[in-house]
Amino acid sequence: MSTVALTNAAPAPSVEEETTQSLEQTMGDATTVEDVDAAARPPPSKSENLFMQIAVHPDGTVTRPVVPSVPASLDAATDGAVSSRDVPLDASLGTYIRLYLPSPVPSTTKLPVILYFHGGGFVVFSADTVFYHASCEAMAAAVPAIVASVDYRLAPEHRLPAAYDDAVAAVLWLRDAAPADPWIAAHGDLSRCFVMGSSSGGNLAFNAGIRTKGVDLSPAAVRGLLLHQPYFGGVERTPSEAASEDDFMVPLEANDKLMSLALPVGADRDHEFSNPAKAMAPEAVVGLPRCLVSGSDGDPLFDRQKGFAAWLQDSGVDVVAKMEGSGFHAAELFVPEKADELFAAVREFVYGAGEA
């Protein structure tokens, strides 16, 4: 299938030009600059939406549209640049973590570590997808922090809870392998770790928090969860879902398709993987660290996210809810101003009251 226009991959303005140049230099023959340009444009209509172009075959397998990917880069030699490199998570499963180190790094203090899960409805994208790579570079520089972006297994080849298992493995990586990593040993503060995800990655970050909240991670410590536009669902439509039939980013048909491919066979959208506020006992979230839950009013998932944040609060979790934003789903990948807003919220949570 041909490359599908999806997003404007431009990061925050402070690193936009540099990242563009880096992508052009590292694409090589496999992916052209034209491919990147195509991925940098939002789909003009529902029919050109990437999720809508996932082909589901009678035997249950899928064909995914082609999206540009980029290798890690160790060539960030100038101030303001960001270096990246890949480290294995579980070689037997093909999972890995892409680390991002901003430059310059502080000489007197160490950086927090943000474990990050990308979006894609559990079905598409990876840590090396061009717009998530650019976003993680931008976030590492803007916060600043060491960002560890997790490449996890995708559905339907590996339905949930496979990605949750990979997320747990990534949290345990903070304890078992991160202390020996040269970047983290020299520049990271493992006592200030945060688990973050966007869209389906927000769902993963939440479930990683649930499954590891009683685990001794020392010398690491998870101080908070950052759940940006987390992807949840339910059998009964919310008003924002019901109005999303022609949404250009998450049309209702695509939303249903992604959940059907990701959930265990036979499960409906009220399964706890999709609708924890309905299916999960409130006691399950007791002991979670402080949570930032952010959403935008133009997102079809907005009502679901507001209900999820309220459920967490009602269950005794310390929640910072940022639901006053405007814009569409995953706008931080498309619009530099929205990236700035997200990174400012992350910075405030990580360096401010969220650290308590």
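In strand β9, R290, L292, S294 and S296 point one way, C291, V293 and G295 point the other way, and all are buried; buried means under 20% relative accessible area, exposed means over 50%, and partly exposed lies in between, with a 1.4 Å probe and protein chains only. The model is predicted, so local features need pLDDT of at least 70 and side-chain atom pairs count only at pLDDT 80 or more, while totals for chains, interfaces and linings use all residues. Residues are numbered from 1 along each chain as its sequence is written, and side-chain values use heavy atoms, with hydrogens and water left out.

**The chain as a whole**

- The protein chain has eleven helices and ten strands; helices (H or I, at least four residues) and strands (E, at least two) are DSSP runs, numbered from the N terminus.
- Of the 356 residues in the protein chain, 58% are buried.

- Eight strands form an open sheet with mixed pairing, in the order β3-β4-β6-β5-β7-β8-β9-β10; two strands pair if DSSP finds at least two bridges between them.
- The edges are held by β3 (82-90) and β10 (319-325), and each has a single partner strand, so one side of each is left without a neighbour in the sheet.
- From one strand to the next, the twist averages 20°.
- Strands β7 (residues 188-198) and β8 (residues 222-228) run parallel and are joined by six bridges.
- S198 has H228 of β8 as its bridge partner.
- Helix α3 (residues 130-142) lies across β3, β4 (95-102), β5 (111-117), β6 (146-151) and β7, and runs at about 40° to β4; axes are lines fitted to C-alpha atoms, for helices over the stretch in contact, and angles run from 0 to 180 degrees between N-to-C directions.

**Strand β9 and its neighbours**

- Strand β9 (residues 290-296) is mostly covered, with seven of its seven residues buried.
- On one side, β8 and β9 run parallel and are joined by five bridges, and L225 stands opposite C291 of β9.
- β9 also pairs with β10 in the parallel sense over five bridges, and S294 stands opposite K322 of β10.
- C291 counts as buried because its relative accessibility is 0%.
- Apart from neighbours within four places in sequence, C291 is in contact with L225, L312, V317, D318, V319, V320 and F349.
- C291 and R223 are 68 residues apart in sequence, and their C-alpha atoms are 9.2 Å apart in space.

- Two packed helices are described by the angle between their axes and the distance between the axes.
- Helix α4 (residues 162-176) packs with helix α6 (residues 200-212) at an angle of about 65°, and their axes are 9 Å apart.
- The α4 residues in this contact are A163, Y164, D165, A167, V168 and V171, and those of α6 are N203, L204, N207, A208, R211 and T212.
- By class, the contact of α4 with α6 has seven nonpolar, three polar and two charged residues; Ala, Val, Leu, Ile, Met, Phe, Trp, Tyr, Cys and Pro count as nonpolar, Asp, Glu, Lys and Arg as charged, and the others, Gly among them, as polar.
- Helix α8 (residues 252-262) is mostly covered, since eight of its eleven residues are buried.
- The buried residues of α8 are L252, A254, N255, K257, L258, M259, L261 and A262, and the buried residues of α8 pack against β1 (55-56), β2 (62-63) and α7 (239-242).

- S240 belongs to helix α7 and counts as buried because its relative accessibility is 17%.
- The side chain of S240 reaches the backbone oxygen of P300 at 2.7 Å.
- K338 lies in helix α11 (residues 336-351) and counts as buried at 18% relative accessibility.
- A polar atom of the K338 side chain lies 2.9 Å from the backbone oxygen of S326.
- Not counting residues up to four places away in sequence, K338 touches S326, A331 and E332.

Definitions and conventions: Contact = heavy atoms within 4.5 Å. Polar contact = N/O pair within 3.5 Å; in protein donor to acceptor, adjacent residues only side chain to side chain.
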